[in-house]
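Look over the sequence and the structure before reading on.

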Amino acid sequence: MHDQYEPAAVEAEAQQYWEGAGTFRAVEDPARPKYYCLSMFPYPSGRLHMGHVRNYTIGDVISRFMRMQGRNVLQPMGWDAFGLPAENAAMANGVPPARWTYDNIATMKRQLKALGFGLDWSREVTTCRPDYYRWNQWLFLRMLEKGIAYQKTGTVNWDPVDQTVLANEQVIDGRGWRTGALIEKREIPMYYLGITRYAEELLGALEGLDGWPERVRTMQANWIGRSEGVTIAFPYELDGARHTLKVFTTRADTLFGATFVAVAAEHPLATRAAAGDPALAAFVDECKRGSVMEADLATLEKRGMPTGFSVTHPLTGARVPVWVGNYVLMGYGEGAVMGVPGHDERDFAFARKYGLPIVQVIDVDGRPYSAAAWQPWYADHGRCIGSGRYDGLDYEAAVHAIAADLAARGLGALQVQWRLRDWGISRQRYWGCPIPLIHCAACGTVPVPDRDLPVVLPEDLVPDGSGNPLARLKAFVECACPACGKPARRETDTMDTFVDSSWYFLRYASPGSDAAMVDERVRYWLPADQYIGGIEHAILHLLYSRFWTRVMRDLGLVSISEPFQNLLTQGMVRNGIYFRKPASGRVVYYNPADVEVLTDARGQPTGARLKADGQPVESGGIGTMSKSKNNGVDPQAFIDRYGADTARLFMMFAAPPDLSLDWSDEGAEGASRFLKRLWKTVHAHLASGARAPLDAAALGAADRALRRIAHQTLAKVSDDYGRRRTFNTAIAAVMELLNAVRDHDAATPVARAVVHEALEFAVLMLSPVVPHVAHALWRELGHERAVVDEAWPASDPAALVQDTVELVVQVNGKVRSRITVPVDAAEEAVRAAALADPTVQRFVGSQAVRKVIVVKGKLVSVVAG
RNA sequence: GCGAAAGUGGCGGAACUGGUAGACGCGCUGGAUUUAGGUUCCAGUGGGGCGACCCGUGAGGGUUCGAGUCCCUCCUUUCGCACCA
């Protein structure tokens, strides 16, 4: 028996046991109810960070809890192994992305094992391996056949110096991150997946996802963005031919107030006008500069220039000028919007700036309208005025009447519009899944035949920042056309890494399947019962996965539509930020581990200084752990010092899973202290003497009270793990139970029997969080079977019974006294007891008692006066 | 800019269905043990007041016998915005 808790030995032993027994190998068994617990797979960035530890601990706690509930648990793991950081590392170190990635995977796998997660490694998925990504390619070809995948142009960030396409994160303040060159928008051909075909279904099905957080569902619904409106065509003549400029609006009722139309800089009309107007050409060029990020575009100052063209108002026949606006997106709708300054705030500002007419065409309760200053109510729905025969109509009626009249003239129609855009998957990058297409001068674009899949990505290239090295590799590019056999060029764009992560959770259920993308085992495991990952994936990854699953469903590959039944979005892990800003200018960040925080007598922080030189450093508050702020805590160093159980315990105890978690060395120390205390408590109990068999009927009051606490705690912890998923309150409850054990007089064999049961419960309840300690202590408590294989105990209803209950008594809303009454006391008796209480009488005084509210088991509220 | 959420002691948080605000832990204070530091153990700890009591959940208003919880306005912070993953 070890009196000292030694995490390293305890953890090695437990992990060896699980490994040897094959504890976490998941086997399909139709006779048992399955539980598929899925955590978002990591990008192999080098080493695990605290966010991973938090994410996977949550998954492991749920997995182990469900296992004890008798479920056949699958908890797999894999690697989101394609992506930009590998190319950046390659540029910095000259190492091929493949080697860097595989090395990182080896390191991180070792770290995951050290944390004791119950993972089934036989199902490991690595997305940069051909046996995985061949199925990306295969499904892409099926989508191409069905027309779901198609080609059109898309806008990218172009670095004119490096002659390369940049990711949004590589554009800083409109300039290339390496070259500092001003970035231009460029239109290039790309492949798209028609996610908008599924918009209606993806939106409608959100309602059934009641295991998802409401906020994620709301964000997705807003992202998909269904809006009903009217497409309106503004006719014009150009070079003797008739054309129309199409816009979409949800406010067709304001059509009579349209005093201009704005088009995107890339719009053909803008290009045409710019050809004869150097000033406009310069403006169009300026609009094309900068990044393609929507957040950047949205915060731009709205600017515009007239094209000199005008179009005809479809109802009034008036001439409406066409402007180029820097805020109009070519990729959204037809690249044109109508401007109604009278009733749209942005158009109002635009019109004021450029002296365009502002006309009121909607009346709201007869309120006085002034074009001098914008009022929020201008955008409200109301009744049409100044709109000819539509005057007096309300919003609904006006929109329908105007749409009908436009339709009669062939100049418009009611339309449902989606904010969601089709998914552009082409990336002009090396470290990704090759798009399986061949370009032939004679046959055009030809799909790679299935028999030639996968198109294997060579793993020995090293990108240098100037374009895709694949495009320069003759052995890859040069090929024969599958249709005519003549020399042809292979496509060198690769797929968005969101493709890889859109179905990995299906592949976990079909390990080793090389004849098909997935096999019949997905029917057993899917959908995932629980998905756990960062809130930052609330929209894109989850939406793409829902889409991809539906595409596979429509191809008959799976029978489900929704891949994730329950979703838990975990918060960020944060830490203090400390820095110095030397006169030279560049800020230096110091890791919190190297900083000493100074406090006053009350413990309030007064300052901070660097341990190394004792000189002060500035505090930058608290922020998400990141390399750039140098405020990360390395899990490995922590585990080496305190053990995996302490890391897991602190992570689960410090905050509920969906809130951000602030790292605290002292808090982690507290977690370690608790485990030591648990260890010592169990050993002290075992050494304390003989215990009697537990006879619930023969217990004294104190023993009965402790037993009640133990069973109450069990009920609470079961609910916290299973329903509420608040691991912090579950752990707090077990701490309270142990405090009660500490305060319990265990001098008799009977009392020790009660303590024994309480400690067994504590070990069982903590085992999902700190499985290694629990493994060791469970053996010490005299059990043959490993705690991981034990069933979750049931709490005894008889142990929960209480004779009396304490109620709070309020007088006029303030707590004034407490009374103790029998649990089954009638309301009338409780009321009488409350009014008879001397303190209550003192506060009621001479006032009349007007009302007495009795809330059973909680309180009595006396209203006097 | 748009969309979504969160603000409670010195700190992380608890209060689950509108019903005792501050569970549990950290920190701090005092004490015991220790040669000392650390560890460990015991007690105290929202603010004010000698006290009876009063005040307190980002700010301001409202509903209610009763509001951290519901409603309205505002402020701050965090996440997402389609090529970071």
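## Charges on a helix and across the chain

R677 sits in helix α20, which covers residues 665-686. Helices (H or I, at least four residues) and strands (E, at least two) are DSSP runs, numbered from the N terminus. This is a predicted model, where local features need pLDDT of at least 70, side-chain atom pairs count only at pLDDT 80 or more, and totals for chains, interfaces and linings use all residues. Residues are numbered from 1 along each chain as its sequence is written, and side-chain values use heavy atoms, without hydrogens and water.

R677 is partly exposed because its relative accessibility is 47%. Buried means under 20% relative accessible area, exposed means over 50%, and partly exposed lies in between (1.4 Å probe, protein chains only).

How many salt bridges does a search of the whole structure find? The search gives 43. A salt bridge is a side-chain nitrogen of Lys or Arg within 4 Å of a carboxyl oxygen of Asp or Glu. Here are some of them.

| Pair | N to O distance |
|---|---|
| R142 and D450 | 3.1 Å |
| R553 and E201 | 2.7 Å |
| R251 and D253 | 3.0 Å |

Take R142 and D450, which meet in a salt bridge. R142 is in helix α5 (residues 130-146) and D450 is in the loop between β22 (444-447) and α13 (474-477), so the pair ties together parts 308 residues apart in sequence. R142 is buried at 12% relative accessible area. D450 is partly exposed at 34%.

Next come R553 and E201, also joined by a salt bridge. R553 belongs to helix α17 (residues 540-554) and E201 to helix α6 (residues 199-204), so this pair ties together parts 352 residues apart in sequence. E201 is partly exposed, with 29% relative accessibility. A network of salt bridges links E201, R546, R550, R553, D554 and E562.

Are R251 and D253 buried or exposed? Both are buried.

Now the whole chain. Chain A holds 27 helices and 37 strands. Its C-alpha trace spans about 105 × 85 × 65 Å along the principal axes. Of the 865 residues in chain A, 51% are buried.

Note on methods
Chains lettered and ligands numbered in written order.
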